[in-house]
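Dear colleague,

I am passing on the model we spoke about, with the sequence alongside. Please open it first and then read the notes below.

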Amino acid sequence: MWLLGLPWVLALLVTVASSGPSADAPDPASIFADLTPEELRAVRTFLMERPELGLSPSQGGALAKNSLFLVELLPPKKRSALRFLDFGAARPRREARAVIFFGAQAEPNVTELAVGPLPHPSSYRPLAFKGGRAVPFTARPMTRLEYELLHGALVAAMAPLEPLLLEATGFGFQNCSQRCLTFSDIAPRGLGPGERRTWLVIQRFVEGFFLHPVGLEVLLDHRDLDPRRWAVQRLWYNGRYFGSVRELAESYAQGTLLLARLPEPPARLFSSYEPRGRFAGGTHTAAHGAKVCEPQGRRYRLRGNRLKYGGWSLAFRLRSSAGLQLFDVRFGGERVAYELSVQEAIAFYGGQSPAAMQTKYMDAGWAMGASSYELARGVDCPDTATFLDAHHLLDADGPVRFPHALCVFELPLGVPLRRHFDSDFQGGFHFYAGLEGQALVLRTTSTVYNYDYIWDFLLYPNGVLETKVHATGYIHATFYTPEGRRYGSRVHSHLLGNIHTHLVHYKVDLDVAGSSNSFETMDIRFENISNPWSAGARVGWDRNPPAPRLTPPLPCPRYHLAVTRRHENEPSSSSIYSQNDPWNPPVTFESFIRDNETIEDQDLVAWVTVGFLHVPHAEDIPNTATPGNAVGFFLRPFNFFNEDPSVASRAPVIVRPLDPPTCSRVQIQRWTPPSPGPCVHPEPFTYNGTYRQV
């Protein structure tokens with residue numbers, strides 16, 4: 001049996017390239033590998049040449065066009081994959097998932113296609129959501145083109161407010177090359193199905209602009225595919241609502257507007273990472289800190305998308321829509337999970353301004369897997385890490401390479417995996433034994449505008465697998481007003497850090513000793529009983545503390561843990577369309593658990609939600625720090641092995657006295673070299689940071 005351990009505490013489309021060994025025969029794990037740049041181009045070329053689709057380039061042109069938005073791997077059906085992996089059946093047909101925006105027709109819609117076979121596609125077929133739900137055009141994710149048009153519409157609409165903005169902020173929109181204003185957009189985009197109107201938070205465009213709102217929020221309706229029909233519907237300025245741009249401009253001109261004058265930005269911004277101040281202790285910080293090293297080389301193997309470490313073996317991919325996904329997870333050669341993947345990351349906000357109270361981010365709708373920008377060696381991952389590139393075809397006219405999007409490294413835990421000092425209680429000992437603690441980490445990040453999520457899967461030598469996500473980056477903040485104090489903290493002079501809850505949803509398709517599994521819980525309770533060896537005494541407790549309940553409004557995070565039968569038409573608990581149409585999404589997780597199916601001796605999936613409440617504070621400036629802002633869960637063996645499988649490790653140290661109880665001479669047993677040797681990484685720090693079409 002394997003257990004899900006849930007610590008409830010506050011706490012892409014891609015291809016992977018590695019420097020590992022190559023072989024003529026592809027690893028079986030390659031059936032889960034993300035599409036290569038060549039495959040991405042082949043799919044795009046095939047679809048662009050289909051006259052019945054009438055596709056136009058993604059960039060430029062009008063919104064009312066047919067365009068290819070996303071291409072990524074369509075994973076094989078589980079039954080076909082297992083027949084291939086376990087019984088040597090034919091390799092499953094390799095296909096791509098393509099998302100097309102059909103805007104150039106009377107009833108615009110979003111359609112998904114399966115395209116194959118790869119690497120030379122020759123046909124396509126429609127993909128349907130469970131229940132045949134259609135995707136309305138208003139539910140589509142935002143594109144670069146729509147953002148460009150949105151910016152143009154906002155600049156034009158704000159022209160009457162330019163004097164107000166220049167006086168209050170020193171920055172503007174019109175003919176701007178320096179000292180410009182920008183915006184952050186809020187979702188959901190409306191209050192019901194079919195709407196596409198977005199609150200925009202106006203900010204100074206400086207380093208860390210997320211922390212520089214100017215007190216103006218604008219509601220812009222951009223539902224129509226003709227941007228000439230877009231219009232500003234409402235405005236909020238410094239605590240007051242206005243029905244039009246003209247109304248706000250007239251209030252300013254008449255002198256009845258309470259102006260929110262902002263000071264000139266200093267040369268060293270509070271939103272910057274530049275050092276400032278000194279530690280009171282005076283210890284030396286202008287030197288490199290502790291580093292990770294591999295004195296005898298790497299102890300893991302990477303071949304394509306197959307990763308091996310100790311008893312572990314797994315396949316991985318990084319999909320554009322939702323990020324990291326593990327397949328065929330094995331320990332000791334036996335499969336323990338068919339799939340383990342990130343599904344969704346949600347953040348619910350509260351606030352007094354309209355943008356703050358409207359914000360309910362669902363980051364799959366922002367393609368959080370495709371936000372996997374370059375990881376910095378020695379900062380984001382240790383110097384010793386293996387870095388892997390990713391390729392996305394998302395809202396682009398060809399695959400885009402994201403260098404160093406993932407990393408793999410072995411991590412010293414700083415605490416032993418297990419240890420014992422056996423005292424003789426006479427000043428000596430019978431023996432000491434310990435096994436140093438290490439884990440292998442597979443990591444990527446998602447920078448979804450202001451927030452950075454660090455996604456980790458950790459493999460331990462005792463058969464434990466941990467998933468973990470750290471939240472960092474800039475807080476989503478709004479302009480400070482006294483009324484806003486109910487919904488957060490004043491983190492700077494004109495800045496309110498809005499209270500919010502982070503929720504992350506995972507899919508765990510456990511296959512323990514086969515695909516037919518059952519689910520059971522183990523409840524622990526206290527009992528009051530008579531002490532059998534002391535008459536009249538009682539053993540126990542008077543009460544058990546109540547368990548907390550978490551009931552946010554969206555279906556998928558309503559449960560800490562939900563277990564369902566596995567179905568091919570329930571591959572994900574969310575979709576890229578839920579953000580812009582949460583009222584009628586094509587994927588409704590609640591339908592997964594309302595069909596009253598038996599979950600005894602079936603192929604089961606555990607859906608796990610972890611999260612924490614974040615009340616921003618001054619120490620979140622400039623960025624939220626990772627300590628205390630991480631959550632996750634464990635997969636742990638429970639009577640699955642005869643003993644701790646880490647006994648196979650050759651890294652323990654055993655010390656026994658040769659002359660007890662004096663203990664002046666000891667015998668030291670170890671199965672690794674006596675000294676690890678020097679540990680340095682001589683290359684200087686480098687970083688590129690670009691991601692470009694290839």
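Two strands are said to pair if DSSP finds at least two bridges between them, and the strands themselves are DSSP runs (E, at least two residues; helices are H or I runs of at least four), numbered from the N terminus. This is a predicted model, in which local features need pLDDT of at least 70 and side-chain atom pairs count only at pLDDT 80 or more, while totals for chains, interfaces and linings use all residues. Residues are numbered from 1 along each chain as its sequence is written, and side-chain values use heavy atoms, with hydrogens and water left out.

With that in place, strand β21 (residues 418–423) runs antiparallel to strand β22 (residues 429–435), and 6 bridges join them; within this pair, F421 has Y432 of β22 as its bridge partner. The two strands form a hairpin with 5 residues between them, and F425 in the turn has a positive phi of about 60 degrees. β22 is also joined by 4 bridges to strand β35 (residues 652–657), again in the antiparallel sense, where Y432 has V655 as its bridge partner.

β26 and strand β28 (residues 495–498) pair over 3 bridges, and F479 stands opposite L495 in β28.

As for the domains, whose bounds come from an automatic or database domain assignment, the chain is divided into domain 1 (28–127), domain 2 (144–254) and domain 3 (307–519 + 554–646). The centres of domain 1 and domain 2, taken over C-alpha atoms, are separated by 37 Å, and the contact between these two (heavy atoms within 4.5 Å) takes 9 residues from domain 1 and 6 residues from domain 2.

Finally, the nonpolar cores, which are sets of buried Ala, Val, Leu, Ile, Met, Phe, Trp, Tyr and Cys residues joined through side-chain atoms within 4.5 Å; buried means under 20% relative accessible area, exposed over 50% and partly exposed in between, with a 1.4 Å probe and protein chains only. The largest core has 128 residues, of which L161, L216, Y237 and W455 touch the most other members. Leaving aside residues up to four places away in sequence, Y237 touches a set of residues including L164, V214, F242 and L257.

With best wishes
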